[in-house]
Amino acid sequence: MKYVVISGVSRGLGRELAIQFHRNHYAVIAYARDEKALNDLKEELLSKNACPVFLFKVDAMVKSEVQQFAAEVKKICTSPDVIVNNVAQYTENAISEENFDTLEEQMKINFYSAWWLTHPFLNELKQRKQGHIFNICSVVSVKPRYNAAAYSISKGALKFFNDVLKEEMNLYNVKVTAVLPGSINTSSWDGVDAPKAAFVQPADIAALMLHILKNPSPANIDEIVINPQLKGY
Ligand SMILES: NC(=O)c1ccc[n+]([C@@H]2O[C@H](COP(=O)([O-])OP(=O)(O)OC[C@H]3O[C@@H](n4cnc5c(N)ncnc54)[C@H](OP(=O)(O)O)[C@@H]3O)[C@@H](O)[C@H]2O)c1
């Protein structure tokens, strides 16, 4: 049995990743905060096939909660085959208008949580000489948006984490891939008047990641950049 660990699965891309990995016979171990949405997802997954599903209520902003989640993962599978650091929140403000507390929150949710979740498994992955870590970054990781300053800074940090981790883990046959999407048609756009049908669709990103995992090549796919064709998004 293969195990995938995903952060932020109650909606959006994370939810789609849970559905597609489960459909491809991965046991899913994942977290978010919305318990009802987690229960609904679990029910939906188990109605399709019997692969195990373990969902936890965790706040990515709280180090002890993410570390406790990682400890639960260890109890279930020692070390997962795939880790997807997907959780994030998007905020908008320019640096001159930004409050330091928001920067701290964005760093915790969008970057530190990835460290807290990934780090406990690195030694096992190195010993096993297999595994794949995906970090869901953003196009703003490399092309920052001045009016989403804290988000851009935290996503830039996540991309650097990805790249430094890749340099180390590739020495041990463990793969590390950064995913850099432009606008994705997810719940994070709820209430915004935008051409969501023309955005990147979550199902396409999930399918691409599964395709990469099925490829036995010793090559590491360093990053995937995926943008809507529509200009301005
Ligand atoms: N949507 C876009 O246009 C876009 C573009 C580029 C990159 N991305 C990246 O793609 C990834 C997925 O984005 P998305 O659009 O799918 O986001 P989304 O629809 O807003 O979903 C975010 C997920 O993360 C969870 N989450 C948020 N804050 C949390 C916290 N403090 N603790 C635990 N869980 C938390 C949410 O669940 P709960 O609220 O239940 O906790 C939800 O399941 C993110 O890394 C995002 O930065 C998105």
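Residues are numbered from 1 along each chain as its sequence is written. Because the model is predicted, local features need pLDDT of at least 70 and side-chain atom pairs count only at pLDDT 80 or more, while totals for chains, interfaces and linings use all residues. Helices (H or I, at least four residues) and strands (E, at least two) are DSSP runs, numbered from the N terminus.

Strand β1 (residues 2-7) runs parallel to strand β4 (residues 82-85), to which three bridges join it, and Ile6 stands opposite Val84 in β4.

Among the helix pairs, helix α4 (residues 100-118) and helix α6 (residues 149-169) pack at an angle of about 20 degrees, with their axes 9 Å apart. That angle makes α4 roughly parallel to α6, given that angles under 35 degrees count as roughly parallel, over 145 as roughly antiparallel, 65 to 115 as roughly perpendicular and the rest as oblique. The contact (C-beta atoms, placed from the backbone, within 7 Å) involves residues of α4 including Phe111 and Trp115, and residues of α6 including Tyr151 and Phe161. By class, the residues of the contact of α4 with α6 divide into 11 nonpolar, four polar and one charged, where Ala, Val, Leu, Ile, Met, Phe, Trp, Tyr, Cys and Pro count as nonpolar, Asp, Glu, Lys and Arg as charged, and the others, Gly among them, as polar.

Helix α4 also packs with helix α3 (residues 63-77), at an angle of about 30 degrees and with the axes 8 Å apart. In this pair, Lys63, Val66, Gln67 and Ala70 of α3 meet Ser113, Trp116 and Leu117 of α4, a contact made up of four nonpolar, two polar and one charged residues.

The axes of α1 and helix α7 (residues 202-214) come within 9 Å and cross at roughly 45 degrees, and the two helices are therefore oblique to each other. Here Gly12, Leu13, Glu16, Leu17 and Gln20 in α1 meet Pro202, Ala203, Ile205, Ala206, Ala207 and Leu210 in α7, and the contact has eight nonpolar, two polar and one charged residues.

Helix α1 (residues 12-23) also contributes three residues to the shell around the ligand, the largest share. Of the 28 residues around the ligand, Gly8, Gly12, Arg33, Asp34 and Ala88 come nearest, a residue being near a molecule if its C-beta atom, placed from the backbone, lies within 6 Å of it. The shell divides into 13 nonpolar, 11 polar and four charged residues.

Note on methods: Axes are lines fitted to C-alpha atoms, for helices over the stretch in contact, and angles run from 0 to 180 degrees between N-to-C directions. Two residues are in contact if their C-beta atoms, placed from the backbone, lie within 7 Å. Two strands pair if DSSP finds at least two bridges between them.
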